[in-house]
Amino acid sequence: MSWNILEVVGIIVDVISYTGSGSTRISSVQKKDKKKDKYFTEKVSARFILAAAVLFFIVFYKPLPVGDQTTALIVSSLIGVSLSALLFFLLNLMELYYFKSIFKLLLFSCSVIAFFIALVMCVYYKSGIFI
């Protein structure tokens, strides 16, 4: 019978996790992590909204250049939405895109979408490459 080193390590970890002495330390560490992360989603969403507001202010401070503004706004909005969808997909693959309530999901998603739209508009109008 051959023993694999990973099986032995797995058995040792299982034995340690079932004993009572190690579980109290682990649970206290988990409680501290929960306290730190209580408003994490709201803080990140607020930062995205603040950054989006600053970028929108930069874009719309002066009148937009003459041209087909409606098409430019629609295209930059679609590019921003597609970039945010790509971010959501990557977060989902890394198993980081889960929320305890629908409010947190909507707040985070809308703030990220607004940020990416503002970022694309800022790059589009302020770089001068596309105009």
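Of the contacts in the chain with a separation of 6 or more, 79% are between residues 24 or more positions apart. The views below are taken from a predicted model.

**View 1. The chain is built from helices.** The chain contains five helices and zero strands. Read from the N terminus on, its elements follow the order α-α-α-α-α. The chain has 131 residues, of which 21% are buried.

View 2. Helix H4 comprises the 25 residues 69-93. At 1.5 Å a residue, these residues should span 36 Å. The expected span is 1.5 Å times one less than the number of residues, because a helix is counted here by the steps from one residue to the next. Just after H4, Glu95 adopts a positive phi of about 60°.

**View 3. Helix H4 has a set of buried residues.** Which residues of H4 are buried? They are Ala72, Ser76, Gly80, Ser84, Phe88 and Leu91. Helix H5, residues 102-127, is included in what covers these buried residues of H4.

**View 4. Helices H4 and H5 pack against each other.** Two packed helices are described by the angle between their axes and by the distance between those axes. For H4 and H5, the packing angle is about 130°, and the axes lie 8 Å apart. An angle over 145 degrees would count as roughly antiparallel, and one from 65 to 115 degrees as roughly perpendicular. H4 and H5 are therefore oblique to each other. The crossing in which H4 passes H5 is right-handed. How many residues of the contact of H4 with H5 are nonpolar, polar and charged? The contact has 17 nonpolar residues, six polar residues and no charged residues.

**View 5. Ser111 is a residue of helix H5.** Ser111 lies in helix H5. Is Ser111 buried or exposed? Its relative accessibility is 2%, and a residue under 20% is classed as buried, so Ser111 counts as buried. Leaving aside residues up to four places away in sequence, Ser111 touches Ser45, Phe48 and Ile49. Ser111 and Leu50 are 61 residues apart along the chain, and their C-alpha atoms are separated by 9.0 Å.

How values were computed: Residues numbered from 1 in each chain as written. Predicted model: local features only at pLDDT ≥ 70, side-chain atom pairs only at ≥ 80, totals over all residues. Heavy atoms only, no water. Helix = DSSP H or I, 4+ residues; strand = E, 2+ residues; numbered from the N terminus. Buried < 20%, exposed > 50% of the residue type's maximum accessible area, 1.4 Å probe, protein only. Contact = heavy atoms within 4.5 Å. Axes fitted to C-alpha atoms, helices over the stretch in contact; angles between N-to-C directions. Parallel < 35°, antiparallel > 145°, perpendicular 65-115°, else oblique. Left-handed = near helix turned anticlockwise from the far one by under 90°. Nonpolar A, V, L, I, M, F, W, Y, C, P; charged D, E, K, R; others polar.
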